[in-house]
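I opened my notebook to look up how the parts of this model meet.

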Amino acid sequence: MLGKGVVGGGGGTKAPKPSFVSYVRPEEIHTNEKEVTEKEVTLHLLPGEQLLCEASTVLKYVQEDSCQHGVYGRLVCTDFKIAFLGDDESALDNDETQFKNKVVGENDITLHCVDQIYGVFDEKKKTLFGQLKKYPEKLIIHCKDLRVFQFCLRYTKEEEVKRIVSGIIHHTQAPKLLKRLFLFSYATAAQNNTVTDPKNHTIMFDTLKDWCWELERTKGNMKYKAVSVNEGYKVCERLPAYFVVPTPLPEENVQRFQGHGIPIWCWSCHNGSALLKMSALPKEQDDGILQIQKSFLDGVYKTIHRPPYEIVKTEDLSSNFLSLQEIQTAYSKFKQLFLIGFPPLPPYCGSDNTATLLFSPSSAYQLPSDNSTEFWDTDIKWFSLLESSSWLDIIRRCLKKAIEITECMEAQNMNVLLLEENASDLCCLISSLVQLMMDPHCRTRIGFQSLIQKEWVMGGHCFLDRCNHLRQNDKEEVPVFLLFLDCVWQLVHQHPPAFEFTETYLTVLSDSLYIPIFSTFFFNSPHQKDTNMGREGQDTQSKPLNLLTVWDWSVQFEPKAQTLLKNPLYVEKPKLDKGQRKGMRFKHQRQLSLPLTQSKSSPKRGFFREETDHLIKNLLGKRISKLINSSDELQDNFREFYDSWHSKPTDYHGLLLPHIEGPEIKVWAQRYLRWIPEAQILGGSRVATMSKLLEMIEEVQSLQEKIDERHHSQQAPQAEAPCLLRNSARLSSLFPFALLQRHSSKPVLPTSGWKALGDEDDLAKREDEFVDLGDV
Amino acid sequence: MPPRVTFQPCGWQQNEDTPLSSEYDFALVNIGRLEAVSGLSRVQLLRPGSLLKFIPEEIMIHGRDFRLLRVGFEAGGLEPQAFQVTMAIVQARAQSNPAQPYSGITLSKAGQASGSRKPPVPLMETAEDWETERKKQAARGWRVSTVNERFDVATSLPRYFWVPNRILDSEVRRAFGHFHQGRGPRLSWHHPGGSDLLRCGGFYTASDPNKEDIRAVESMLQAGHSDVVLVDTMDELPSLADVQLAHLRLRALCLPDSSVAEDKWLSALEGTRWLDYIRACLRKASDISVLVTSRVRSVILQERGDRDLNGLLSSLVQLLSAPEARTLFGFQSLVQREWVAAGHPFLTRLGGTGASEEAPVFLLFLDCVWQLLQQFPADFEFSEFFLLALHDSVRVPDTLTFLRNTPWERGKQSGQLNSYTQVYTPGYSQPPAGNSFNLQLSVWDWDLRYSNAQILQFQNPGYDPEHCPDSWLPRPQPSFMIPGPPSSVWLFSRGALTPLNQLCPWRDSPSLLAVSSRWLPRPAISSESLADQEWGLPSHWGACPLPPGLLLPGYLGPQIRFWRRCYLRGRPEVQMGLSAPTISGLQDELSHLQELLRKWTPRISPEVHSKKRDPHTILNPTEIVGILKDQFHPFWITRC
């Protein structure tokens, strides 16, 4: 399985004893040391970033294919990141690094990206936290973006070890105050040179105008109105300053329970039905108060049950659906499948002790490994390990719930009211998914970003708590947003031409959750953001801090790299006035000259006629019933809706439903496998198709230009060639990530080739030469 | 007409361009399960010999090739026919004997072709075919042996095969006698870098060869190389029984009414072990490719029977290391040579004889190829649809290709045996006149069962053989070949090379079996480490780490995938929307634009064509319209 690398190092024949194998031998270390000091790499600091501590002659293990070697360098910890400065960088100055992140280098770990830190003491691996009495020989850092770093501190001066280890532990794990986030020091220092991208059309939903615009776009303005009753957060700190409610709803209702118990508009469908959300009223013991609550709710429901409003269906997401605990447990099991780089962990003393222990795939390596088969066993068990994490099943359940709601709105013309305690977790997830499926605008990049802005950022999703950015309460940590991105990935993967963005976009978006220079994911609510915008200290009369948003992708990526975020296959919705807009054509997404709908003609019926429809139901019923456990009527509606949609040709600019059968929900390979060198396929995978595609698109564009030239005498604008993938003949399937693992820098095996195999004595020697640094 | 069930759609005409419609055509042997349905709840499973209890409204035929044919009988006067048709199928199944004499396909199509018609793919039944192929591979140290022309060395071997130049036919005959079923070492493929890939059966240990025989055997195995690696192909790969069991489980899982809950699907899939066997095959093939490519040596695939896994591995190795095997023509020749001519017992393995040795090794191979196609989408000229067509053809009783166990039986049937008296001489060509035997059709005559539009889809639009800059040059490339040490003999097992004292099990030393007990546990390093071992010094390759043309497949848990489009054809809802227009759509658009451009400015078209590569040559505008009309994949049997 993926554990290969691990076992390659330490398991297999000699496990569990040797924890690590290095091909760097002691005598090589000294020679390397000199070179290192000569080509020291300078630390690149962001504005406002401060160096906190550092250590030199740290050996970073690099895993390449199945063998590991070390690189010497400096390990530093700043108030933004942990960075390793080795002399390895020189090898990377070529084409492949075009997808470089300008903020976080490949040897940088932002403090918020650190998941777990382990130390190795006498070959035993322990979780590091709090005050240490003893300092480890090796430091292992698991990152939230699933990278694994291993640093050997054996050759580092003792006081440096102490400083760097305790520094890293303190700055990544100790609870932090919001005001101490790097976000603020960066914004203060970079105040003058932050340039907001004028082309960024993402709607932030922080003004009344934005909401009115959205109402107008969805034609919801007939029955719903944007209100400013919460301006200055007078009513409630949970809600945004502006939001939308049903027109007849009196404003004092909003104030009554601080925004609880009122239906808040999310989105309107073309047929007039709307998606609403409501946070539950506070639970009360007192009968009198309960009575008041009841009559209040009755009043509210009366308003929205009357025409012109459609029939309302209430969907309670707090009960009978996923619990946040379930999501967290599943994800922590799931990610273990991909966090590779070291043999088994001792039980982590966290809240979720048993689950981790039971699950950890590495537990196989703890067995005495006389039977070499167990190494291969992990691959055999891949699917059951995957299944037992139930992460994919959770994704399926979310998608299914979203389809059910879509069915109510689309087919039955009902309003759906999502109910959740604070309406800020599963509410955000489900309502965003419904909109992605129903509203093609949300499948453009700008639309998707606006959707996240509307439902998650303004919807008050507690990013700070859910990502545990401040390390204040581990129990609040739940990867709801990651779950959402994974659900979106399933849709993108199943219907690539329907989305303007690529899976790479989703992957870098998930990485951006941990970069504390963007405000987007570092506040619990818009109120929290607004109240913390002032400069520190009382002496500020100047303008408030200007925080970056993650949607300004030019902060992280060069324009060239940004082409990878854009789906070349996306087809813009055909516009009626396309004749007049020739000039615009190439600047934006290309447009197929053959409309796609034409190529998706209706299927031939053949022997399969309408009359046999009930037989289809009969056949499919057996299957679908497995998906559904709710009432019969709902089951029928859902089945009919789901099946009839899937039996029709797909309109990429219309309703879009995912497949949710067992084989259809897949692992987001790009995000989860990208750091695992064994998982790469040289010259293969989707990248190969992609480069072919880009080449053809280029060709199409140049031909279109030619035709335009002939047709009109004026020059057509030059197309911007997507050149990132060009001339890169054999890219690895891990492209554009994991640039570290390159074959050309493969170390020389000390015992390579046939010489070592001369006879059995040599074979024995060969085994001894797997030097364990721990024994040196 | 061979036994089959055929559904003829309305408007379908006998004399269309395809004599048979591949979509609605079910050979009787292909019927895995027959169900009659009436109303919403009445379902009867019909076994051969069972009696229909009601008048069916619909019958469902579940194919052993994962297809599903559903025939509804419209109400109103059709009831008697419905009953009759269903019972006829039941009875035909009961009576059908798969081994019954093949009556040959007597279609107008076959008649149309004149005597000089050449098969689309060399059938490797004549010495010329072998000589041409040998020249193509530039295997200079080898010659075509005619020792088996009368099938008296082995009936399971082809009449011709390649042996080293220096070995006399008499020596070949003697040496082959010491191998299981007379299947001695023959060349499978000659690597342009100089290595040779050989295959042979197990040593016949009970025989008592004399010194000269042993010498002959050894020199045949060494094939003039000093570095010899013996690969036990059964090691680490599933047994025939394993393959059969896995395939049965897979079929049960993929039935539309399989009782597996959606959230248990993955572990159920894992439980079939099918994907695990694919992984094992790919891993081993990748290892062997490294052995063949890394230095000049003789690599011998040895399997006791030499008729199953040897063919699978040898074909996979060639697909991984030889770009020409990845073309449509090359792949068909490969299958013809390594499977059909090499005597893979298709009939038995696919359950045609009812014998216990059923095991769909060939289908396992096709799935392996599909995995490669997924992993290297730009490296194969053929598409997934081609693999599906091949997959569905294995039980179709139209051609002999997959319906016989040995080349001898196949030859007997098609009446070619009467030409066995001819003697091969270089440059000698068979007289076309006087060939009295039937025109032999093979599975490669795709136009028998597939329409032109379907055959067009056999081409992979994403094929881009030039996407590797150092594209394949069929000339010796000694630069990356490291000469081996003098006279070294290795056993390759579990990812590691173990030195062997001698090649053959006879003489005074322990037999190969004894050697195998010393097998090292597989070192805890993957096959990349074999690449490491072999290519520890990448300096002389510069930036391109792998020899050009070599593909190293991934075989980690998440990388081995489920061939949904093949196995889930019985579940129509899963198939919808699978062929979203991507590359082919773009290609259509390209042609469309180029056509437009040509119309408007007839003079500039040559310039446009010369400037860019021209991927659309196979498509002309009228054909495009045809494809667009029927955008759904042609191999989906169920359309709802």
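I started with one pair: Glu477(A) forms a salt bridge with Lys144(A). Their closest N and O atoms are 3.8 Å apart. (A salt bridge is a side-chain nitrogen of Lys or Arg within 4 Å of a carboxyl oxygen of Asp or Glu.)

I noted the ground rules. This is a predicted model, where local features need pLDDT of at least 70, side-chain atom pairs count only at pLDDT 80 or more, and totals for chains, interfaces and linings use all residues. Residues are numbered from 1 along each chain as written, chains are lettered from A and ligands numbered from 1 in written order, and side-chain values use heavy atoms, without hydrogens and water.

Next I looked up the domains, whose bounds come from an automatic or database assignment. In chain A, domain 1 covers 49-90 + 97-172, and domain 2 covers 206-322 + 389-532 + 544-563. Their centres, over C-alpha atoms, are 37 Å apart. The contact (heavy atoms within 4.5 Å) takes 16 residues from domain 1 and 20 residues from domain 2.

I counted two salt bridges between domain 1 and domain 2 of chain A.

Last came confidence. pLDDT is the predictor's confidence in each residue, from 0 to 100. Chain A averages 74, and 68% of its residues score at least 70. Over residues 536-540 of chain A the pLDDT is below 50, and this stretch has two contacts beyond near neighbours in sequence. Residues 576-630 of chain A also stay under 50. I wrote a reminder: where pLDDT is low, the predicted coordinates should not be read in detail.
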